[in-house]
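This report describes a metal site and a neighbouring topic, the pairing of strands. Please examine the sequence and the structure shown here before reading on.

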Amino acid sequence: MVDIREFSVSALAGNCIGFFAPMNGGKTQALVDELKRAWYYDCNSIAYNSERNTRERDAIVVNGEFRHPAKTVGSVPELRTDLEKRISQLGASQEGQRGEVVIIDDISHHRGWPLRVVGIDEVNLFSLTASEAREMMDLMNWCIKKDIVLYVAGLIYDFRHLPFGQVHSLLPYVDIKIDKKPACMVIDSSGQKCVRTAKHTQRLWKMSYSQERGLNDVELPRVDFVDKDKKPVVDHYVAAPFFDQTVLIESGQNAGRGRNVVYLPVCTECARLPYREETFRVYDAIVRGGNPEAVLSNPQLTAGILEFLCSPDERWGKRESDGRIVALSHYRNEVGGFSSL
Ligand SMILES: [Zn+2]
């Protein structure tokens, strides 16, 4: 694996470096380390995250604790406007000592140093659709031309092990791709912590959250694990069903065991995706023009699956005005993935 720290900021100028890992797999830590490292080369850095992450406002958070100052933006064009503003303000000749702290929009920079390092956390949340991915590609190109080192960190796959939005389409434009490989955090049925390498993000629900979601008749497998403080969390969480929404971020700052939804890095053997097969059986009935409501014997499960399939954010199918459910057609999009109209 490449150790990016062997290269100076100027050696990396005009490159895009991607840190990819499952959730809680160390990619944000790697990103923050690089943003801080810029300081040792007399360079300014700036971090951005997406306002789709309602939990982390104007900060990127490592391990739910350390907060690195960041600018939260709603879109790539908004990011670009902010970045250009900072570059121009820092480049303008100003009175004062070179290196002294100047604050632009609540974020500290150093006077007279170039803004050479840009970090984007959760790049997958900036590329859910083809047009968003296109905007991100344009930003990557722009950063190359400006000799900026652009770091992106994020997930390539969602909790279902499926491509996260259109993030795949960015990978050919990442010059150095670094896959962080955390350990699987699951405690198995004999009480032993798994020691295999994690490849996936496991989404877990607190047991009581199933009832809150109206799924008390839907059985979900229990998953025990070791949390970030190395404490075992036993008999509190179950695997979220395959038909849960793709982007699910709880608001509020409270990390740890109280959360309704948590994410773990897990290996393939420990990964649990309950109702994957059932979701595809219901979807298949829709595609073939059958009755999706007649496929499974559990009406609550069927309702949960249909709600997912027809959600405007997921777009596998849609409910017509006469109540019929039809599959949405998917077409090739400009970034090489598939989208529906
Ligand atoms: Zn495992």
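In this predicted model, the site of the zinc ion is tetrahedral, with angles of 102 to 117° among its four donor atoms. As a point of reference, the ideal angle for four tetrahedral donors is 109.5 degrees.

Which residues coordinate the zinc ion? Cys184, Cys194, Cys267 and Cys270 do so, each through its SG atom, at 2.3 Å. Along the sequence, these donor residues follow the spacing C-x9-C-x72-C-x2-C. Cys184 lies in the loop between β10 (176-179) and β11 (186-187), while Cys194 lies in the loop between β11 and β12 (200-206). Cys184 and Cys194 are ten residues apart, and the pair links distant parts of the chain.

Are Cys184 and Cys194 buried or exposed? Both of these residues are buried.

The strand β12 is likewise a mostly covered element: six of its seven residues are buried.

| Partner of β12 | Residues of partner | Sense | Bridges |
|---|---|---|---|
| β16 | residues 261-266 | antiparallel | six bridges |
| β15 | residues 237-239 | antiparallel | three bridges |

Trp205 illustrates both pairings. Opposite Trp205 stands Val261 in β16, and Trp205 also stands opposite Val238 in β15.

In summary, four cysteine SG atoms coordinate the zinc ion in a tetrahedral site, and β12 pairs in the antiparallel sense with β16 and with β15.

Definitions and conventions: Residues numbered from 1 in each chain as written. Predicted model: local features only at pLDDT ≥ 70, side-chain atom pairs only at ≥ 80, totals over all residues. Heavy atoms only, no water. Donors = N, O, S within 2.8 Å, 3.2 Å for Na, K, Ca; no water. Tetrahedral: all angles 85-135°; square planar, octahedral: opposite > 155°, others 65-115°. Helix = DSSP H or I, 4+ residues; strand = E, 2+ residues; numbered from the N terminus. Buried < 20%, exposed > 50% of the residue type's maximum accessible area, 1.4 Å probe, protein only. Pairing = 2+ DSSP bridges.
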